[in-house]
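Please read the following briefing alongside the sequence and the model. It takes up the fold, then a charged patch, then the aromatic pairs.

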2 protein chains.
Amino acid sequence: MTSRDRREREKEALRQEILDAARDLFVQEGYENVSMRRIAEKIDYSPTTIYLYFEDKADLLFHICEETFTKLVTKGEKILAEKTDPLTKVKRIGRNYIEFGLKHPNHYKVTFMVQHSHDELKERYENSMGHRAFELLRSSVEECIKTGIFRKVDPGMASQALWAGVHGITSLLIAKPLFPWVEKQKTIDLVLDSLCAGLSKDKKKSGAAKPARA
Amino acid sequence: MTSRDRREREKEALRQEILDAARDLFVQEGYENVSMRRIAEKIDYSPTTIYLYFEDKADLLFHICEETFTKLVTKGEKILAEKTDPLTKVKRIGRNYIEFGLKHPNHYKVTFMVQHSHDELKERYENSMGHRAFELLRSSVEECIKTGIFRKVDPGMASQALWAGVHGITSLLIAKPLFPWVEKQKTIDLVLDSLCAGLSKDKKKSGAAKPARA
DNA sequence: TGTTATACTTAACATCGTTAAGCGAAATGA
DNA sequence: TCATTTCGCTTAACGATGTTAAGTATAACA
């Protein structure tokens, strides 16, 4: 069955060619500004050919993002496995997340900055790499709580709060490049450090402040 | 010149009619899922009529957002003028911001969650209500620094960090409605409280952590 | 009453994502 | 080796989008 194998290899090659072309265009010009026809043109196939390899445009994008986010998760797992103190790990995972987002703004946008709900894509995205990226953060937070560095808060809640911080600064820097940012790098540090400090033990009184309900 | 006046009044009325129809549809179904034709249909005019009153679809959306965000800013100014302690003000302004975003997700999305850069819309957005909403946050942060509640950090940086937090939780809650959130309300509080605590004085040692550079 | 300006519409353009139908070449069976 | 089936891809088309150009009534004005 050599011929069958070869055909399959060729199919896989074309699939990759499509992915590569699409990634190039998406990264360069953004998802919405790239048409299926342009992708097809780039690889000298008819537009409809793409639909033989991917369900639709969103599906194509999804696979590209998964590919890219795998790198983020891999790096995160490496950090998590290190033998440093948990607090440093949390911050480094956070930084890794932020820097990844800034390095791949178009990928980041589509996985974290657009609402993809009530479509049936629901479960697909739940099991995605984006989700696993959050789980990574969560693991490191749990370590901090277990070792007594963070105070005894709900790990899920604390992770969500930290996620809010890292996602917040990442998405703002992406969405508002014209904003007169002062000290981007230091702001990133400040977000991470402040949030961690706020979650840490020792400091009980944080001013006059009860939870500050309106 | 009564006739001239009347005509002008009628023009203004139609303009508002367009805005109202568009807002309804945008809020209900989201900007991208609403076509100019549908807006026109709703008010029984031809699609092209809209272009006599607004430059294009984005322009239409912009005016709607400004309208809505004015409310946020007004409320924020009211809070800022209150005679409570600065820390409470920061938190209430933060909460106000978050709650506003969750109440008007479609407006929030277009002003804060999409990248509107290198178009010439640049300056327009810089002077927008969204921008003023940030300035509000900044004012309250400056108060906290001046009164010694927050430690001596750059006010711009601290504001950006706080903004990251509130924007982060807001945009995530909007973009990821299917995420298995635990304790949304408490998470909001935790973000605000932790960030403020981290920016506050008293606590020097926040664990073993230097800025955590990778 | 005739002219001009105003408010709006009809028709069309270029483009989009996507589907249905068809075509030629390669693989398969005899 | 020849007929048939399968595979990979394309051509053509559908219905929709935002937007523009050209045209048409009606109202205002002289």
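How many helices and how many strands does chain A have? Chain A has 10 helices and zero strands, where helices (H or I, at least four residues) and strands (E, at least two) are DSSP runs numbered from the N terminus. This is a predicted model, in which local features need pLDDT of at least 70 and side-chain atom pairs count only at pLDDT 80 or more, while totals for chains, interfaces and linings use all residues. Residues are numbered from 1 along each chain as its sequence is written, chains are lettered from A and ligands numbered from 1 in the order in which they are written, and side-chain values use heavy atoms, with hydrogens and water left out.

**Fold and burial**

- From the N terminus on, the elements of chain A run α-α-α-α-α-α-α-α-α-α.
- Of the 214 residues in chain A, 52% are buried, a term that stands for under 20% relative accessible area, with exposed meaning over 50% and partly exposed in between (1.4 Å probe, protein chains only).

**Positive patch**

- K71(A), K75(A), K78(A) and K103(A) form a positive surface patch, for which residues need over 30% relative accessible area and no salt bridge, like charges being joined within 9 Å; a salt bridge is a side-chain nitrogen of Lys or Arg within 4 Å of a carboxyl oxygen of Asp or Glu.
- Helix α4 (residues 57–81) of chain A gives the most to this patch, with three residues.
- K71(A) lies in helix α4 of chain A, and K71(A) counts as exposed because its relative accessibility is 56%.

**Aromatic pairs**

- The count comes to 24 aromatic pairs over all chains, the rings of Phe, Tyr and Trp (its six-membered ring) being paired if their centres lie within 6.5 Å, with planes under 30 degrees apart counted as stacked, over 60 as edge-to-face and the rest as tilted.
- F179(A) and W163(B) form a tilted pair, at 5.1 Å centre to centre and with 50° between the planes.
- This pair crosses between chains, from F179(A) in the loop between α9 (155–175) and α10 (184–199) of chain A to W163(B) in helix α9 (residues 155–175) of chain B.
- F179(A) counts as buried at 8% relative accessibility, and W163(B) is buried with a relative accessible area of 2%.
- Y108(B) and F112(B) also form a tilted pair, at 4.9 Å centre to centre and with 50° between the planes.
- Because Y108(B) and F112(B) are four residues apart in helix α6 (residues 105–113) of chain B, about one helical turn separates them, and both residues are buried.
- Ring pairs link F69(A), Y97(A), F100(A), Y108(A), F112(A), F134(A), W163(A), F179(B) and W181(B) into a cluster.

Conventions:
Patches are made of residues with over 30% relative accessible area and no salt bridge: like charges are joined within 9 Å, nonpolar side chains (Val, Leu, Ile, Met, Phe, Trp, Tyr) within 5 Å. Accessible areas come from the Shrake-Rupley method with a 1.4 Å probe; for residues, only the protein chains shown count as cover. Lys and Arg count as positive and Asp and Glu as negative; His and the chain ends are not counted. The place of a charge is taken as NZ of Lys, CZ of Arg, CG of Asp or CD of Glu.
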